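Student: I have just opened this one and would like a friendly tour. Could we go through it together, one question at a time?

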Amino acid sequence: MFGRAPRLDPPVLERKALDVPEGREPIVVWTDDALFKKAGVRIAFSERQGGESTEGYASLNLAAHVDDDLDLVRRNRRRLMQALGLDGVPLVVPNQVHGERIVALSAANAQAVEDFRGQVERGADALQVNVRGVAALMNFADCVPLIIVAPSGRFAVVHAGWRGVENGIAAKAVHKLVVGEPGLAVDASHFNVYRGAYIHAECFEAGEEVHDLFLETFGKSVTPDDTHVDLGRALDLQLAKAGIDPARIADVGRCTVCDNAHWFSYRAQHGVCGRHAALCAAV
C-alpha cells in the first residue's frame, strides 16, 4: 500500500529509447524518471515503433480491438512491459467507449484485479489505481492521453476523446483522486499531470455541432476559427478549474496527425491503424 505522500517534483517528460528482447528495434517512450525515483510510479507514453505488427498497425500496436493479429498484440504488450521493467506486473486494459466512466481499483489481490478487469471490460474511459503492483494501459490514435499522479502514488489514466473532454472526464478523475487521499492533507494542486500526443487544433476539424458545443462550454479560446477545436486548451481550462497547477502539466507536445510516422492517427490513416498507449504503474 501507499505510505505518507512525498511532495512530487514538477513533471518532466523525456523521450527514451528502451532495449527490447531479440535485438529488435528499440521501443520509444516518453517518461518521467524523477517521478519513478521519488514515488515509485512509472508513467509512459509509447510511440509506434519497436513491435511486431505490420501494415497500418506497424509496429507497436497495443490494441486488441482493431483487426490486428491478437498474438502480435499480446507480444507487443509483453515487450513494452519488459522494456519498462514491469515484467510480471498484472496489466489491465479496458474497453474504451468514448464516455466518462471512471472505475477504481482499491485492492491488489488477484480476485480484486480480476473483478476490476471484468468491470472495465464492460466499458471505461478512465482507470483509477489506488494500489501498488498493478499497471493500467489505455489506447490512443488521436484522442488525448492523460496520466494524473497524486503525491501518494495513486494515479488515474484517462482517455479524453472530444466527448470525454466536453463531459469533464479529466476534472472528474482529479476529483476522485483527491477523495482517495484520506488524511494526507493534499489537494489537486499537488498532483502531476502528463499529456501524451494527440490531434492538435490545426488538424482537428470538427463539425458545426461539435465546434459550437465546445465554444459554448469552454469559450472562444478553444475554437481558433469556425471549424477547428483545441482539445488541449479545453483540457487546460478544465484541469485548472479542478485545482491543477498549470505548472504541473507536462505535455509531449506532438500532434498525432502531423507526426504520423511516430504515432498512430485514426484521421491520418483513414481508420486503419494501430494504437499507441498511455501506461502507468506504481511499484
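**Pockets, a sheet and one serine**

Tutor: The largest pocket has a volume of about 570 Å³. This is a predicted model, where local features need pLDDT of at least 70, side-chain atom pairs count only at pLDDT 80 or more, and totals for chains, interfaces and linings use all residues. Residues are numbered from 1 along each chain as its sequence is written, and side-chain values use heavy atoms, with hydrogens and water left out.

Student: What is a pocket here?

Tutor: On a 1 Å grid over the protein atoms alone, points where a 1.4 Å probe fits are examined. A volume is the space filled by probe spheres set on the points, which are joined across faces, edges and corners. If the probe cannot get out, the set is a cavity; an open set with protein on both sides within 12 Å along at least five of seven lines is a pocket.

Student: Which residues lie nearest the centre of the largest pocket?

Tutor: Lining residues have an atom within 4 Å of a point. The largest pocket has 24 of them, and those nearest its centre are His98, Ala141, Cys143, His159 and Arg275.

Student: Which elements give two or more residues to that lining of the largest pocket?

Tutor: Helices (H or I, at least four residues) and strands (E, at least two) are DSSP runs, numbered from the N terminus. For the largest pocket, the elements are strand 7 (135-140) and helix 4 (162-166).

Student: Which element gives the most to the lining of the second largest pocket?

Tutor: The second largest pocket holds about 220 Å³ of space. Of its 14 lining residues, Arg77, Leu91, Val92, Val93 and Arg117 are the closest to its centre. Two or more residues come from each of helix 2 (70-83), strand 4 (91-92) and helix 3 (110-121). With three residues, the element that gives the most is helix 2.

Student: In strand 7, what is the bridge partner of Val92?

Tutor: Two strands pair if DSSP finds at least two bridges between them. An open sheet of six strands, with mixed pairing, runs in the order 1-2-3-12-7-4. Strand 4 and strand 7 pair in the parallel sense over two bridges. The partner of Val92 in strand 7 is Ala136.

Student: Is Ser46 buried or exposed?

Tutor: Ser46 sits in strand 3 (residues 41-46). Buried means under 20% relative accessible area, exposed over 50%, and partly exposed in between (1.4 Å probe, protein chains only). Ser46 has 1% relative accessibility, so Ser46 counts as buried.
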